[in-house]
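Visitor: I am new to this structure and would like a close look at a single part before I go further. Could you begin with one loop and then follow the links from there, step by step?

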Amino acid sequence: MPTPAPTPGGLAQLPGQAFYVSDQTSAARQLTALRDQGRTAEADALLRIASQPSSQWLGEQSAKSIVEQVSRRAAEADRTPVFVAYNIPHRDCGLYSAGGATDAASYRTWITGLAEALGDRRAWVVLEPDAVAHTLDSCGVKGDAAAERYGLLAFAVQELKKRPQVRVYLDAGNPGWAQDPSAMADALRRAGIGVADGFAVNVSNFYGTDRNAEYGARLSAALGGKHFVIDTSRNGNGPLGSDAWCNPPGRALGEPPTADTGRPGVDAYLWIKNPGESDGECGRGEPHAGEFWLPYALGLAQAAR
């Protein structure tokens with residue numbers, strides 16, 4: 001077996017892996033802490049997460065400097081980083097991940113900064129989880145607000161695609177949420193899918209890979225054959241139920257990230273959601289959205305096949 005190439009920060013890059021394994025993820029930092037504390041069994045379990053490439057989410061704070069640093073380190077390791085741009089105005093319909101840019105002008109400036117920071121380095125960008133799907137549900141992003149959102153997404157796609165080695169995937173919800181592929185396809189067209197490399201499904205959700213591949217294939221057919229990626233970070237046991245999206249118990253890691261899926265039109269399985277980071281308080285006093293939650297992370301790792 002080839003010897004894994006160490007990154008500048010110390011975590012190994014897996015042989016044959018296309019995507020970048022960062023030592024700056026929540027799981028990687030927690031792994032170091034566990035080893036320092038002599039908690040070997042927990043560290044060994046958490047390594048199943050920390051050793052795999054997962055995405056770097058970008059919000060309001062320090063996004064440009066994070067993109068530049070991570071993309072440079074990935075280039076040094078000859079790997080491709082995966083970023084998630086998550087800063088659309090009125091983000092997450094005011095729920096656990098509410099926030100985002102204050103207005104359209106601020107968002108355009110933010111996106112332009114990300115594109116500049118990427119330069120001519122390789123990167124994949126998953127663009128604005130939930131943003132399109134929330135124009136089709138009861139969130140209230142309708143009329144002029146929806147038109148503005150589609151325009152901002154189309155602007156983001158165009159700016160990022162000016163960079164020669166950047167691939168962009170617009171988020172397209174999941175098969176339990178987007179019940180009308182034709183409506184989703186129309187919304188994606190308005191959001192700039194024609195210029196993007198494709199779309200992403202199952203971001204931060206739990207639906208099985210087969211079901212996501214079916215949903216993605218139907219949506220791809222409506223979009224003239226656009227390719228897509230599937231978030232497999234936590235779908236190893238499938239969903240607990242269609243409404244159990246917030247830290248459901250008993251879930252498991254899914255297929256490791258890979259660009260070799262063996263499925264026509266599926267460009268990659270990605271860990272877009274960082275396994276072990278909370279979905280939100282969930283009405284149960286659980287950690288805030290995005291906070292690392294060690295017991296949940298260990299549960300995902302230990303339940304994985």
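**A loop and its surroundings**

Guide: Arg234 sits in the loop between β8 (227-231) and β9 (266-270), where helices (H or I, at least four residues) and strands (E, at least two) are DSSP runs, numbered from the N terminus. The model is a predicted one, in which local features need pLDDT of at least 70 and side-chain atom pairs count only at pLDDT 80 or more, while totals for chains, interfaces and linings use all residues. Residues are numbered from 1 along each chain as its sequence is written, and side-chain values use heavy atoms, with hydrogens and water left out.

With a relative accessibility of 0%, Arg234 counts as buried; buried means under 20% relative accessible area, exposed over 50%, and partly exposed in between, using a 1.4 Å probe and protein chains only. Its contacts, taken as heavy atoms within 4.5 Å and leaving aside residues up to four places away in sequence, include Phe206, Arg251, Leu253, Glu277, Asp279 and Tyr296. Ser204 is also touched by Arg234, and the Arg234 side chain reaches the backbone oxygen of Ser204 at 2.7 Å. That is a polar contact, a pair of N or O atoms within 3.5 Å; within protein, one must be able to donate a hydrogen and the other to accept it, and residues adjacent in sequence count only if both atoms are side-chain atoms.

From here we can turn to the disulfides, each a pair of cysteine sulfur atoms within 2.5 Å; by this rule there are two. Cys246 and Cys282 form a disulfide with sulfur atoms 2.0 Å apart, and at -80° about the S-S bond their link is left-handed. Cys246 lies in the loop between β8 and β9 and Cys282 in the loop between β9 and α8 (294-303), so the pair ties together parts that are 36 residues apart in sequence. Cys246 is buried at 11% relative accessible area, and Cys282 is buried at 12% relative accessibility.

The sulfur atoms of Cys93 and Cys139 are 2.3 Å apart and form a disulfide, and the torsion about this S-S bond is about 125°, so the disulfide is right-handed. Cys93 is partly exposed at 28% relative accessibility.

The elements β4 and α4 lead on to helix α3. What covers the buried residues of α3 includes β3 (56-58), β4 (82-85) and α4 (104-118). Helix α3 (residues 63-76) has 14 residues and reaches 20 Å from its first C-alpha to its last, close to the 20 Å expected at 1.5 Å a residue, the expected span being 1.5 Å times one less than the number of residues. Its buried residues are Ala63, Val67, Val70, Ser71, Arg73 and Ala74. Seen down the axis of α3, they fall within an arc of 165°, so they line one face of the helix; the arc is that of the directions from the helix axis to the C-beta atoms.

Glu68, also in α3, is partly exposed, at 32% relative accessible area. Glu68 touches Ala117 and Arg121, residues up to four places away in sequence not being counted.
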